[in-house]
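Notebook open, structure up on the screen.

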Amino acid sequence: MMPLPVTSPGPPPPPPPPKHPGISAPISLAAPKETDRVLTRKLVETLRPFGVFEEEEELQRRTLILEKLNNLVKEWIREISESKSLPQAVVESVGGKIFTFGSYRLGVHTKGADIDALCVAPRHVDRSDFFTSFYDKLKLHEEVKDLRAVEEAFVPVIKLCFDGIEIDILFARLALQTIPEDLDLRDDSLLKNLDIRCIRSLNGCRVTDEILHLVPNIDNFRLTLRAIKLWAKCHNIYSNILGFLGGVSWAMLVARTCQLYPNAIASTLVRKFFLVFSEWEWPNPVLLKEPEERNLNLPVWDPRVNPSDRYHLMPIITPAYPQQNSTYNVSVSTRMVMVEEFKQGLAITHEILLSRAEWSKLFEAPSFFQKYKHYIVLLASAPTEKQHLEWVGLVESKIRILVGSLEKNEFITLAHVNPQSFPAPKENPDKEEFRTMWVIGLVLKKPENSDVLSIDLTYDIQSFTDTVYRQAINSKMFEMDMKIAAMHLKRKELHQLLPNHELQQKKTQSAEGVTLTALSDDSLDLTADSENSMSVPSPPSTVKTGPVSGSSQGRNSPTLAVMAAPVSSVQVTDVSLPQVYPSDSSGGTPSESVAQTASHPAVSPPPKPTVTRVVSSACLVNHPPRPSGSAAANVANPIVGV
């Protein structure tokens with residue numbers, strides 16, 4: 001028998017590639033240098049005066065409050081279990097738990113910030129129990145103040161102040177007989193057989209926990225996120241409701257940066273954050289992990305399946321099932337503003353790296369009120385403080401509809417809403433009234449073959465006000481003295497409404513602007529002019545009419561060429577909503593559909609805006625047909641991110 005040949009073992013198989021968080025390999029695995037550590041220490045010292053770190057004593061106080069609230073939940077669930085005649089053994093082990101999410105759970109909350117919490121209950125505890133017996137139990141607690149229930153909200157919530165800390169509590173009932181202490185809400189199987197409101201309530205905790213699970217170093221992530229959130233707030237781009245980004249979206253962008261630079265520390269991560277997202281090819285989505293299908297028949301973000309998802313301009317996808325886009329409110333203008341801020345942030349952090357600037361420069365607020373030549377001011381007013389709070393919340397939630405409508409105008413390049421609202425001066429000092437205003441800066445596109453630009457904004461303003469009023473009526477919150485007004489102010493006229501400290505900031509290069517005048521009872525007109533042309537004071541002041549002389553301008557600036565009709569004086573336009581003239585059905589279709597009631601509402605519909613007539617000899621631009629919707633975003637491979 002011939003011996004079998006002896007084979008040499010050969011080289012060992014290569015080790016499997018190291019696992020990395022995220023959907024792609026890191027860009028760099030470089031370890032931090034001493035200069036990075038020095039810059040990080042300087043960053044921490046710069047952040048301290050802004051109150052982004054909470055003292056240990058305050059942290060312990062929050063922990064104690066949450067323990068009390070957790071014990072209150074357990075006690076309440078035991079009482080509910082007994083009232084529903086559950087076996088005593090089940091009553092003793094039924095559990096129940098308070099989970100946190102949002103900035104507190106991420107570990108980046110600031111001094112005095114509220115806490116987002118979720119009450120998780122077993123299957124025999126109903127949502128109605130939460131809003132009745134648990135609400136009543138909270139009402140009896142001496143440390144609970146300002147208790148209010150918002151049961152009809154998209155995500156129902158109980159709001160309260162517990163020993164000086166504001167807390168929002170959501171509710172979720174799981175299909176479990178008991179709630180164990182070690183319950184992991186990231187378990188997708190918990191979503192089976194749940195109603196949609198419970199799934200929405202669970203989503204905040206599941207997303208927050210998943211983010212923390214997907215970052216390579218939680219401490220570096222937290223410090224970087226504190227810096228980026230402060231920067232976003234200082235630069236007026238922190239507002240989900242107005243079309244910028246909210247807290248969870250900023251957290252996901254920072255988390256993606258941490259995945260791409262897993263060994264970097266905060267000073268490097270802040271710089272890389274601006275590098276990555278100033279060059280990001282939107283609308284390619286930002287993903288922290290590959291989307292997974294769980295066959296639970298829940299809607300998920302997927303532009304290959306859902307046509308509406310293809311219109312999202314800046315998709316940032318939540319990592320927990322069911323995956324959703326957290327930035328569906330982003331518009332052309334808000335994305336443009338944010339990308340520009342990313343580029344500015346990159347330039348500043350480069351200067352910091354070269355020791356040409358300090359970290360404090362990154363957190364200097366830009367002068368919004370020096371940036372543009374012309375602004376639209378929206379005012380919301382109500383007779384009582386309670387009505388005003390509700391009214392302001394509704395109006396603010398719809399401002400993005402007006403911005404989206406303005407963007408569709410071929411001569412408006414950008415409509416930049418400042419997320420910060422301001423108290424407005426009273427119309428009548430002797431009348432009790434609460435007023436809030438928001439300011440939108442405008443950038444215009446110079447018309448071809450013409451130095452005169454006229455833009456009719458009647459439809460845009462009317463659609464916006466119609467939408468707000470209709471929603472207020474349908475939700476039964478509308479009162480007759482709730483008003484919306486819109487007016488135009490030039491940059492040099494903002495002092496009439498805004499405090500001086502907001503205006504006395506370093507001037508920056510401004511964009512071309514517009515002047516608002518009314519050409520008829522049914523139209524609003526915006527006429528482009530230079531900063532030094534005829535001023536348009538705010539209502540109800542008057543202005544002499546007559547020939548308007550030209551002024552010194554740049555070669556490419558539109559020149560004002562308006563000859564007013566021969567009348568002695570006119571009242572300058574504003575869009576107001578007095579209690580006259582019930583609106584008819586000709587106000588135009590609003591940008592957002594609102595469910596119609598079967599019968600006429602008990603409260604009369606909102607009145608039509610009234611405008612003072614100013615006749616001008618300038619020719620109006622013929623308006624093209626209004627597009628029916630935004631152009632679809634070109635997403636070559638919608639589930640691919642960097």
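Started with the neighbours of helix 10. This is a predicted model, and in it the buried residues of helix 10 pack against helix 1 (34-47), helix 7 (218-234), helix 8 (247-260), helix 9 (266-278), helix 12 (385-407) and strand 7 (412-417).

Which residues of helix 10 are buried? I listed Ser333, Thr334, Val337, Met338, Val339, Glu341, Phe342, Gly345, Ile348, Thr349 and Ile352.

Checked the span of helix 10 next. Residues 332-353 make 22 residues, and the run from first C-alpha to last is 32 Å, close to the 32 Å expected at 1.5 Å a residue.

Moved on to helix 12, one of the elements packed against helix 10. I looked up how helix 12 lies against helix 13 (residues 458-474): the angle is about 150°, and the axes are 9 Å apart. Over 145 degrees counts as roughly antiparallel, so that is what helix 12 and helix 13 are to each other. The crossing is right-handed.

Noted who meets whom there. On the helix 12 side I have Trp391, Leu394, Val395, Lys398, Ile399, Ile401, Leu402, Ser405 and Leu406. Their partners in helix 13 are Asp460, Ile461, Phe464, Thr467, Val468, Tyr469, Gln471 and Ala472.

Last, the whole chain. I get 14 helices and 15 strands, and 51% of the 642 residues are buried. Of the contacts between residues at least 6 apart in sequence, 75% join residues at least 24 apart. Accessible surface comes to about 31200 Å², with 52% belonging to carbon and sulfur atoms.

Conventions: Residues are numbered from 1 along each chain as its sequence is written. This is a predicted model: local features need pLDDT of at least 70, side-chain atom pairs count only at pLDDT 80 or more; totals for chains, interfaces and linings use all residues. Side-chain values use heavy atoms; hydrogens and water are left out. Helices (H or I, at least four residues) and strands (E, at least two) are DSSP runs, numbered from the N terminus. The expected span of a helix is 1.5 Å times one less than its number of residues. Buried means under 20% relative accessible area, exposed over 50%, partly exposed in between (1.4 Å probe, protein chains only). Contact means heavy atoms within 4.5 Å. Accessible areas come from the Shrake-Rupley method with a 1.4 Å probe; for residues, only the protein chains shown count as cover. Axes are lines fitted to C-alpha atoms, for helices over the stretch in contact, and angles run from 0 to 180 degrees between N-to-C directions. Angles under 35 degrees count as roughly parallel, over 145 as roughly antiparallel, 65 to 115 as roughly perpendicular and the rest as oblique. A crossing is left-handed if the near helix is turned anticlockwise from the far one by less than a right angle, and right-handed if clockwise.
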